[in-house]
Amino acid sequence: MKHTDTQLSDNLRAVQARIAAACVASGRSVDAVQLLAVSKTFSADDVRQVAACGQRDFGENYIQEGVDKITALQGVAPALVWHCIGPMQSNKTKLVAEHFDWAHTVDRLKIAQRLSDQRPAHLAPLNVCLQVNIDGGETKSGIAPADVLGLATEVTKLPRLVLRGLMTIPDPVDGFDAQVAVHAKARALFDEVKAALNLPQFDTLSMGMTGDLEAAVQAGSTMVRVGTAIFGGRTYAA
Ligand SMILES: *Cc1c(COP(=O)(O)O)cnc(C)c1O
């Protein structure tokens, strides 16, 4: 799908305005929430256009597709920050460790250990979030809330990772209040784990997407992951 010249910049500005309005509505500072632009299925050229409007953080779900874009956009300055937000199998951890800046979907120690072992020495430690199955949803990705502190404690011991926070993808629910209620559970868990770990770098709660970012901001998200509202609807290869 081709975008017109101003479509992506208009979309980006509209999303920034939504985030700012949600911060104001919930009494939070407008810089309390970071925007992660989710570029999965869109081209490196589209990413380049959005980057030209000042956006730095981009999220990819499919690891090889992400690596192709990271490689194509290596020369962009200031450098882009790449987040892996898709499911990670063991055989893909090396690519993530070698190319991405963040991994949001760590949900078991084995994956964390591989990422730490495989993180190249010349790169800064990889930023990681633990994916939590906050609503017990059918997707089955993510660890149970009760297991988060145990895994978090182990992950903080890994030398080439920095544990930055938690990430959730709750199943869609109708209505603002119902959305806030689910996200509020994640915020409560985040606060509890943060207090127990007592680490300043544990500062990221990655939740909220195109359909529920206002509710996520209201509940205390610090990073919303937005694809459709910036890049448009996705068409997946069959
Ligand atoms: C695709 C995706 C998003 C973005 O979703 P939109 O509804 O298009 O904003 C956010 N997070 C994850 C994990 C995704 O896979």
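In this report, buried means under 20% relative accessible area, exposed means over 50%, and partly exposed is in between (1.4 Å probe, protein chains only). The model is a predicted one, where local features need pLDDT of at least 70, side-chain atom pairs count only at pLDDT 80 or more, and totals for chains, interfaces and linings use all residues. Residues are numbered from 1 along each chain as its sequence is written, and side-chain values use heavy atoms, with hydrogens and water left out.

Let's start with the charged pairs. Side chains of opposite charge can pair when their charged atoms come close. Here a salt bridge is a side-chain nitrogen of Lys or Arg within 4 Å of a carboxyl oxygen of Asp or Glu, and the count comes to 9. Some of them:

| Salt bridge | N to O distance |
|---|---|
| Lysine 69 – glutamate 60 | 2.9 Å |
| Arginine 108 – aspartate 107 | 3.1 Å |
| Lysine 157 – glutamate 154 | 3.1 Å |

Lysine 157 is exposed because its relative accessibility is 57%, while glutamate 154, at 33%, is partly exposed. Lysine 69 and glutamate 60 are both buried.

Now for lysine 40. An unreviewed UniProt entry lists Lys40 under "modified residue: N6-(pyridoxal phosphate)lysine" (positions follow the numbering used here, feature names are shortened, and annotations may be inferred rather than shown by experiment). Lysine 40 is buried, since its relative accessible area is 12%. Leaving aside neighbours within four places in sequence, lysine 40 is in contact (heavy atoms within 4.5 Å) with residues including Glu60, Glu65, Lys69 and Tyr236.
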